[in-house]
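Please look over the structure below before reading on. The briefing that follows takes up rings and charges, then helix packing, then the protein as a whole.

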Amino acid sequence: MMELGKFSSPSGEISFLDKDDISGPGRENYVKRTGDKSVDYALFKISQFSSSSEPSERIKFTKELEELSLQLGSRNLSSLIHVLHKLTEDSIDVKTEMSTQLPSLFRVLIKEFNMYSDAIDNLLPILDKLLDDKNQEVVKAACGAIVSIAELLTKEDCATCLLTMVLRILHDEDEDTKLKALGTLKDLMSYISSDFCECFIAKEAMLLSSETIVKVRKSVAECIPKLTKCVSSLEGIEKLMKVFDELAKDNMWGVRKACVENISEMFEGLDGALQEKYALPFYETLLNDKSNSVRQSGLMQIGPCIHNCKTKVPDFLMNLYIEMSRNTSNKGEIQYHVAYYFPGVLQRLGKSSWNILSQVYNNIIDESDAKTKKCLISSVHEIGKILEIDMSTSELVPIYERVLSESIISKQLVLPVLSKFLKVIRQDARVNFLKYIKSMYKISASWRIRLMVAEQLEDFIELFEIDIVINELYPIASALADDKIAKIREKSALGLGKIINLLISNGCSSEILQQFRNLSQKSSTAYRKQVFALACQSISPNPMFPSVLGNEFRALCDEKSPNLRICCAKAVKKARENNRNENYWVSLFDKFSLDFDADVRYEVTGKYDIKRGIHKLRPNSQKASELMFPMVRALFPDDDLQEVITFSLSEKYVFEMIKSSIIPSMNGLYHEVDLSSVQKSKMKIDF
């Protein structure tokens, strides 16, 4: 371990990296400087944190494995691999965290470094060792890692490497390990070829179906329906159906419940003929099971089963679906599932079935609770797409208007999707909904309703002719932009900007344009100026902006308030993104790039400039993370530095209240560090 004291810069002869590494003194395996700042810093962290006696430090080190691997680069990973093997013998928390981080390491090696074979050769043995751990938390994390890693490997390697590991622990004596292996197989099979699924996974499932342990049989029942999507041969399917038939008749209701809960996946995997032969009879039998829990679970699968049915939907299923839409005794949860899958059922049966399914729709609207009604109404625009514009106008508009005319709670249910619904009905029917929009933005009792209107203003504007926009929607946008709730003003400002943009493009209503300009005047309140600046985000891509609103906008760019300048900077960035390269925008971009406030600079450049310093930036914020390179970010623990970070490459400052971690000199910010005062958990570092 390193001694506290004075360390010279990378240009000096002595480096803290020339100290004993985790291999221990006298073993002649020390970490030496490479001359590369990123690599040296990563090597330093490896030598420090991986050998720390504090478990929390080793866990922190493990969480940064992905970042460390990127710092090390493809040529220096051997140091990290050595540490990973050591950490497989560490505490449970460290091993669990390392299992979680392994997929990220695979991704770095394969995607970033193009080291596919190295990842297989070096990281899979570590994963294999973690799977053999005696602690179930470690095994669970390792099993989860297998599924994530499978996304990065070829199907052949998934079978020969990952599948082999899982099959090995599948025969473990520990019941929990066996169950975790079965669950992993269920997720892994989609990454493996059908031949391997049939030869190995299907055979294992058939063997385990006769296990005495109920949980194992239950897990097999969950696995077989998914296997039907992976096994391609008719012979293999028939063998699986024979096993599933036995499980569907199991003495334990939990096993039968697992069968019916996953039967919709069987409908997905089988073709029409096999559905008629196997899936539909299985489902009908389970719907009539003696156990109430099995029957209830079966009723919740009606929607997905109808949607995935590739043959004629049986009458018993349709009648049951209609019956379950009625709010009779204790069927609220089932009714919710009926509402959730309604668009899928309608898509499967087609708009010609609306005469039958309209009963279901009306039953849920009239008889269900708020949760179920909201579920159905949230998909009304998808229902409208299936019915097509004429039919959706005649069938859905009366229902939607009726709900909008009810209580405030009902309005809150339907309002979030109003703009989407208006897109699927005729233009003449849309105009009738303006009266509802105009009445709702005036509701003072519920600010959330006003917020919903404000959030959809931009969409409403696209749905109506410009005359209606000016006469009907502009007063709404203008009123909401003056609302006492800041969030409402923020959202409505974008809609207001879109209206102004339409007026500028069409050269009309100079009176409204003048009202909009007045928001930016010096006599205006700060929040009205902010509305103007926010609205300019919707207008700035317009080529006519500099000539129409350029003077007013530039004046706002010189405001003292950082919040106003941030809003203006966003508008400048939007203009640049839309290839507006006129001198007007270039000059404003240059101005904000040199703004004394870091947040303003960030809005136009997308990064923080270390040379200009950082002011009042919380170190655990997202922007702080984007600001700091990995080497610099390590200096600032999330919860320690309390408010202000200020530093410069050319001047000397003081970093206060940093946790006791040694700070390397190769981060480029200074030439020498003197650890002159050290407290128990914090230190003051003087330059």
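**Charges over rings**

R489 lies over the face of Y527, at 4.4 Å from the ring centre, where a charge counts as sitting over a ring if NZ of Lys or CZ of Arg is within 6 Å of the ring centre and within 35 degrees of the ring normal. This is a predicted model, in which local features need pLDDT of at least 70 and side-chain atom pairs count only at pLDDT 80 or more, while totals for chains, interfaces and linings use all residues. Residues are numbered from 1 along each chain as its sequence is written, and side-chain values use heavy atoms, with hydrogens and water left out.

- The charged end of R576 sits over the ring of F589, 4.4 Å from its centre.

**Aromatic pairs**

- The whole structure holds 19 aromatic pairs, a pair being rings of Phe, Tyr and Trp (its six-membered ring) with centres within 6.5 Å, called stacked if the planes are under 30 degrees apart, edge-to-face if over 60 and tilted for the rest.
- F545 and F553 form an edge-to-face pair, at 5.5 Å centre to centre and with 80° between the planes.
- F545 is buried at a relative accessible area of 0%, and F553 likewise counts as buried at 0% (buried is under 20% relative accessible area, exposed over 50% and partly exposed in between, with a 1.4 Å probe and protein chains only).
- Y400, F421, F433 and Y436 are linked into a cluster by ring pairs.

**Helix packing**

- Helix α5 (residues 92–112) and helix α6 (residues 116–131) have axes that come within 10 Å and cross at roughly 170°, the axes being lines fitted to C-alpha atoms, for helices over the stretch in contact, with angles from 0 to 180 degrees between N-to-C directions.
- The contact of α5 with α6 divides into 13 nonpolar, 1 polar and 2 charged residues, with Ala, Val, Leu, Ile, Met, Phe, Trp, Tyr, Cys and Pro taken as nonpolar, Asp, Glu, Lys and Arg as charged, and the others, Gly among them, as polar.
- Helix α12 (residues 234–248) and helix α15 (residues 272–287) pack at about 10° with their axes 11 Å apart, and are therefore roughly parallel to each other.

**Whole protein**

- The protein has 39 helices and 4 strands, which are DSSP runs numbered from the N terminus (helices H or I, at least four residues; strands E, at least two).
- Of the 687 residues of the protein, 53% count as buried.

How values were computed. Parallel < 35°, antiparallel > 145°, perpendicular 65-115°, else oblique.
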